[in-house]
Amino acid sequence: MIEIKGLTKNYGNLQAVSDLNLRIEQEEIFGLLGPNGAGKTTTVRMLTMLTRPAAGEAYIAGHEVQRDLARVRHAIGVVPQHMNLDQELTARENLELHGRLYKMPAAERGRRVEELLAFVELGERAGELVGRFSGGMKRRLMIARALMHRPRVLFLDEPTVGLDPQTRRRMWDLVRRMNRDGATILLTTHYIEEADALCHRVGIMDRGRLIALGSPGELKERVGRFVVEGFDGDGATYALFGTREEAVAYAGRTSGGVTIRETTLEDVFIQLTGRRVGE
Amino acid sequence: MDCYTVFWREMLSFKRVFWKFIASRLVGPVLYLVAFGWGLGRSITTNGGSYLDFVVPGIIALSAMTVSFNAVGISLNMSRLYHKTLEEYLLAPISSLSFVLGKVLAGTVRGLVGALIILALGFLFGARPAAGSGFFAVILLTCLLFAALGVVAAMTAPSHEDMANFSTFVILPMAFLCGTFFRAENLPGVVADIVYALPLTHTSYALRALAAGKGLPLVSLAVLTGYAAACLTAAVWTVRRLR
């Protein structure tokens, strides 16, 4: 559904994205994971034609991004990281404007607006100016807006940044439901548990490069499914094991407090880069 | 039709602020009319009519320029740099020309409303300009021109401050020099030539001639049309560059 070949972007000497190659399949929820500044947003901006790549090409739903602008625009929905709703308009008018910009016939537009307002649970507030909405409501409305024209591919750039834990879980449900309805989803996040909970496959980016690719399970398998963290007089210890038995055996040999837990994508990231996400 | 969508959105928000807009548009012109019409104007005689009759077309020209420039320029610059709402249009399957036309037409509507307010106020103060269809056509063309210039400034200014600077260095001097309050021909040689090359001078000339019941000066019409075409082209180019 999305094919990226050698996509590259630099800002001065900084390689924001270098030689990115990636295939995202139809009806997949794919997560680009990495710390701030890893190149995730730049990648999304290049795929949505808001930033011009220095080199490489990308195809969305079979259309080349740089050439077949109109077709690509109809095929994609974009939810950016920052709030970019029209605050001078009501929730309903924001959706209505989007439908008109995408040339939806009036009758279908009206139906779709109401359907989506219900979908993101904003029906009762539809006539209010968006400026008065909370962060979570704005984010939900942005998702509804991106879905208006029934895009086949949806880009969600840090969809839950700045949201409280409860709203975040609601957002995850929303993403899963959109995916069930047939949308291919590319999301970026620097929240490990988000990628873990939502994505069928994850690409880990660091300093503009894709350093790992696979399902969360595969990636964890690669570094070892279990982690033993120990605390003794000399400080913290940290070890990874392929099986529970090995982990338990190792824990039995150590003195001091130990914790055995399952590997997270954070552990994968640390193993690959020697740093934590966000460091 | 896409340009109508852009225009439709602008009219939605214009309807919401309509009375506020009217009220804020009244302040400046009332001050001008009091200061230049009643205050200063009493002691000035122009060849023929009163200074009030002389100055009203000038104030209309000035106001058509500032209202349409600011209506498009400030909001579009905010939308590009601060609210980021411009992205919605950049992503949408509409042409850059449609976007520019929609914005420019909306700015023109505001500029026209602003001009009508001054015409009405001037009437209350005792000015009786002959405002026929040619008169309104010149106002319309001026609004188009400066709304398009507003797009160019908004799309190129790297910050809000630069946008304000553009107003100060380009719009403000024109407001005072381009035959709005006095005859630009009376300026010293080179200055008069420079001022003659500026678009607003021709709006003032044309409006004043038409208000006095004379014909439309064709040179002025040609200059305004030329500027308007150039600004529109530049506006479309500045939007296309971002996509």
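**Entry 1, contacts in chain B.** I looked up the contacts of chain B, where two residues are in contact if their C-beta atoms, placed from the backbone, lie within 7 Å, and I found that among those between residues at least 6 apart in sequence, 82% join residues at least 24 apart. I note that this is a predicted model, in which local features need pLDDT of at least 70, side-chain atom pairs count only at pLDDT 80 or more, and totals for chains, interfaces and linings use all residues. Residues are numbered from 1 along each chain as its sequence is written, while chains are lettered from A and ligands numbered from 1 in the order in which they are written.

I looked up the elements (DSSP runs numbered from the N terminus, helices being H or I of at least four residues and strands E of at least two), and chain B has nine helices and zero strands. I also read that 49% of the 243 residues of chain B count as buried, that is, 20 or more other C-beta atoms, placed from the backbone, lie within 10 Å of the residue's own.

The contact takes ten residues from domain 1 of chain A and eight residues from domain 2 of chain A. On the side of domain 1 of chain A that touches domain 2, the elements giving two or more residues are α7 (192-198), β9 (201-206) and β10 (209-214) of chain A.

Technical notes:
A residue is buried if 20 or more other C-beta atoms lie within 10 Å of its own, exposed if 12 or fewer, and partly exposed in between; C-beta atoms are placed from the backbone.
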